[in-house]
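Please read them with the structure open beside you.

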Amino acid sequence: MLHERHSIKAALFDDIYAAHDLSLCVPRYKIPDAERDPRHAYRIVMDELILDGNSRQNLATFCSTWVEPEVLDIMAHCLDKNMIDRDEYPQTAEIESRCVHMLADLWNSPHADNTMGCSTTGSSEAAMLAGMALKARWRANTAAAGKSGGKPNLVTGPVQVCWHKFCGYWDVELREVPMEAGRYTLSAAEAVRRCDEGTIGVVATLGTTFTGQYEPIQEVSAALDLLQAEKGLDVPLHVDAASGGFVAPFLEPDLQWDFRLPRVKSINASGHKFGLAPLGVGWVIWRDKDDLPAELIFDVNYLGGNMPTFALNFSRPGGQVVAQYYNFLRLGRQGYRKVQQACQRVAEYLAEKIDEMGHFELIHRGPGGIPTVCWKLNEGQDHGFNLFDFADRLRTRGWIVPAYTLPPNCERVAVQRIVVRHGVSRSLADALLADMRQAIEYMNKHPSAGPGVDEAVGGFKHT
Ligand SMILES: *Cc1c(COP(=O)(O)O)cnc(C)c1O
């Protein structure tokens with residue numbers, strides 16, 4: 001008995017890494033039979049995560065990798081708040097509604113008080129909802145006109161994968177305008193050429209994932225107005241403003257891309273990108289009640305309350321929405337402008353310095369789009385490396401600067417991109433530039449065959 005007490009006491013004082021259960025392999029694909037000390041389980045999990053990339057050096061992602069300490073506190077506080085339980089958490093529901101109105105106002109909705117909209121888990125869910133609304137409205141209109149309509153189609157520029165998913169999941173034909181050498185965005189003429197009676201809408205992107213450039217939304221809108229005047233086709237325009245929806249209003253307030261254009265019927269944006277909220281929140285806003293067909297809204301009678309909802313999920317965390325509201329109050333328009341301005345300046349600085357390295361042709365330098373820098377290798381010059389080698393070299397210093405090939409018809413063009421988001425400071429940029437110069441020097445000294453474009457494709461996702 002006494003002996004046992006001693007051994008229990010000894011185990012309690014064990015250093016975590018000297019503990020018996022850390023000397024054994026933990027099962028990876030089966031839930032273990034026995035329980036274990038929470039401190040031990042915690043260390044095992046946290047140590048595993050060391051092997052992940054360092055998110056602050058991940059210059060591939062558009063998503064928040066730094067938040068103020070207050071946001072961490074809000075997230076912990078809201079751990080138990082379920083966004084769907086509006087009756088139990090009426091203030092969280094109220095905060096969501098305020099954010100919807102704030103965004104409708106930010107995007108110049110003519111009736112911001114009556115705008116329809118909701119939070120989502122990100123722009124991907126927002127795109128599904130917006131696409132479903134376009135499809136339902138189109139179906140109702142064609143039925144009312146006594147037509148069958150055939151298979152519906154969606155006309156887009158080179159879009160983020162969520163629109164490919166929307167079309168695949170909801171049986172809509174995707175008519176994606178291909179890129180051409182030197183044109184990496186949608187063009188108004190190419191969009192209109194693909195519209196017919198089956199077109200449920202046109203999607204234009206404010207800040208494409210491939211280069212960060214804004215698509216010419218005002219031109220697309222005008223071309224669709226002309227199409228209606230000439231052929232009677234009334235094609236709605238949706239703006240995928242995943243990143244740009246939180247950049248353009250602050251840096252280019254005169255750019256006409258939003259509800260100021262009557263043809264723009266809905267807009268989505270990612271709160272967790274330049275909206276500066278933590279991961280897990282997006283937004284979709286409809287111009288008018290009529291743009292969101294009523295049959296898509298479910299009135300759920302649940303736990304004593306009636307909740308109108310339009311969402312793919314049921315239960316979902318509330319903290320991200322509350323943190324978004326905190327950001328709106330904390331920063332105001334002035335604060336957002338300062339943050340995005342700081343990002344844009346670092347982007348311009350990086351573009352200038354990367355240009356000076358003598359190997360690269362800059363495709364996007366920040367202004368005219370979101371704060372990203374995108375480049376390709378100069379043509380007709382022997383570099384002794386390709387962009388995939390370059391990305392690999394930078395990875396040895398922890399930097400994630402993805403190289404990838406463009407979609408059709410520019411599959412032969414490899415580019416590299418940096419997203420300058422909140423927290424990519426001037427001094428971090430200088431550290432990266434020093435490592436870039438060193439990487440080039442190294443590759444010049446040790447020229448390698450390196451992986452070709454074709455083998456190296458697909459290693460990075462556009463997130
Ligand atoms: C990131 C992105 C998406 C997907 O958004 P999530 O918030 O990651 O779901 C869609 N469209 C564009 C243009 C994007 O940049």
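1. In the model, which is a predicted one, the bridge partner of C118 in strand β7 is V284.

2. Strands of a sheet pair through backbone hydrogen bonds, either parallel or antiparallel.

3. Why can β7 be called largely enclosed by the rest of the structure? The reason is that 5 of the 5 residues of this strand (residues 282-286) are buried, where buried means under 20% relative accessible area, exposed over 50%, and partly exposed in between (1.4 Å probe, protein chains only). Both faces are covered, with G282, V284 and W286 buried on one side and W283 and I285 buried on the other.

4. On the basis of the model, residues are numbered from 1 along each chain as its sequence is written, and side-chain values use heavy atoms, with hydrogens and water left out. Local features need pLDDT of at least 70 and side-chain atom pairs count only at pLDDT 80 or more, whereas totals for chains, interfaces and linings use all residues.

5. R263 lies in the loop between α9 (248-251) and β6, and at 7% relative accessibility it counts as buried. The side chain of R263 makes a polar contact with the side chain of D225 at 2.7 Å; a polar contact is a pair of N or O atoms within 3.5 Å, of which, within protein, one must be able to donate a hydrogen and the other to accept it, and residues adjacent in sequence count only if both atoms are side-chain atoms. Not counting residues up to four places away in sequence, R263 touches several residues, including L224, D234 and P236, where contact means heavy atoms within 4.5 Å.

6. The largest nonpolar core has 55 residues, of which W107, V202, L224 and W257 touch the most other members; such a core is a set of buried Ala, Val, Leu, Ile, Met, Phe, Trp, Tyr and Cys residues joined through side-chain atoms within 4.5 Å. A second, separate core of 34 residues includes F360, L377, W399 and V424.

7. An open sheet of 4 strands has the order β10-β11-β13-β12, with antiparallel pairing, and its edge strands, β10 (360-364) and β12 (403-405), each pair on one side only. Within this sheet, 4 bridges join β11 (residues 372-377) to β13 (residues 414-419), and C374 has R417 of β13 as its bridge partner.

8. Confidence deserves a separate remark. The protein chain averages a pLDDT of 93, and 94% of the residues score at least 70, pLDDT being the predictor's confidence in each residue, from 0 to 100. Over residues 451-463, however, pLDDT stays under 50, and the model has 24 contacts beyond four places in sequence for them. Where pLDDT is low, the predicted coordinates should not be read in detail.

Conventions. Two strands pair if DSSP finds at least two bridges between them. Helices (H or I, at least four residues) and strands (E, at least two) are DSSP runs, numbered from the N terminus.
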